[in-house]
Amino acid sequence: MLDQNIWSWNSRVFPGISPLVARLNDRVRVRVGNLTMTNHPIHIHGIEFEVTGTDGGPVPKTARWPEVTTDVAVGQMRQLEFIADEPGDWAMHCHKSHHTMGAMGHDVPTMIGVDHRGLVQKIQKIIPDYMLMGERGMADMGEMEMDLPENTFPMMTGSGPYGPIEMGGMFTTLKVRADQGPADYSDPGVYKQPPGTQAREVQAPVSEPNATPQGAHAMPVPAGTARKPGHSHGQH
Ligand SMILES: [Cu+2]
């Protein structure tokens, strides 16, 4: 059955799925019913929600707690509520990573981190159609869009303003907008960050050999050692 391990929301898979759209500071209620034979931990970025209801009825206010992920077990329903108080495009997805990927090849060794420069040309002399992929992670796979059997769907072809999102399957976005009209749930498009709030690449100055380390990157770590959380390191 693992060969058919593909998952959807209402028979829709990202990117062929509508976003959840909210006006800034709307109270949003989402009901997730699990009709499958495996659990799905539902995760939303950007906001915190409360589980306000189950198959047994409403959860009393005194028994609710803040969450960003809630597991919806086989045959269960979970009702989530939150105030959409953070503008943006937020990922909303099942937290089992293979449930956000779609059809996967099995029995294939992972090539992440393997430097195979020069290898492909040599192999292609013997096998002309040979391809290597996965050196930089799963985006390589999504970009390739290889031929697939007719009874499946592409693996992770979702893309965003900065390139491949590396997601498919049980994934969508929560879009929170200040300028969305009341009861307007149409897709507002890609979120535009206010000036000065967007992450950007910086060119750090090359530090002097005797300069004080400014962070973890400035401190060489011998190969094969691990730095345990909680240990004092540097200026932090
Ligand atoms: Cu899942």
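Donors are N, O and S atoms within 2.8 Å of the metal (3.2 Å for Na, K and Ca), and since water is not among the atoms, sites may look incomplete. Keep that in mind for the copper view below. What you see is a predicted model, in which local features need pLDDT of at least 70 and side-chain atom pairs count only at pLDDT 80 or more, while totals for chains, interfaces and linings use all residues. Residues are numbered from 1 along each chain as its sequence is written, and side-chain values use heavy atoms, with hydrogens and water left out.

**View 1. The copper ion is held by H40, C94 and H99.** The donor atoms are ND1 of H40, SG of C94 and ND1 of H99, at 2.0 to 2.1 Å. Along the sequence, these donor residues follow the spacing H-x53-C-x4-H. H40 sits in strand 3, while H99 lies in the loop between strand 9 and helix 1 (119-126), so this pair links parts of the chain 59 residues apart; helices (H or I, at least four residues) and strands (E, at least two) are DSSP runs, numbered from the N terminus. Are H40 and H99 buried or exposed? Both H40 and H99 are buried, where buried means under 20% relative accessible area, exposed over 50% and partly exposed in between (1.4 Å probe, protein chains only).

**View 2. F14 and F171 form an aromatic pair.** The structure holds 1 aromatic pair. Rings of Phe, Tyr and Trp (its six-membered ring) pair if their centres lie within 6.5 Å; planes under 30 degrees apart count as stacked, over 60 as edge-to-face and the rest as tilted. F14 and F171 are edge-to-face, with 4.6 Å centre to centre and 65° between the planes. The pair links distant parts of the chain, 157 residues apart: F14 is in the segment before strand 1, and F171 is in strand 12 (residues 171-177). F14 is buried, with a relative accessible area of 11%, and F171 is buried too, at 5% relative accessibility.

**View 3. A cis peptide bond joins F14 and P15.** Omega of this bond is about 5°. P15, too, has its place in the segment before strand 1.

**View 4. N25 and E166 each have a positive phi.** What is phi of N25? Phi of N25 is near 75°, a positive value in a residue other than glycine. N25 belongs to the loop between strand 1 and strand 2 (27-33) and is partly exposed, at 49% relative accessibility. For E166, phi is near 60°, again positive in a residue other than glycine. E166 is found in the loop between strand 11 (163-164) and strand 12, and E166 is partly exposed, with a relative accessible area of 31%.
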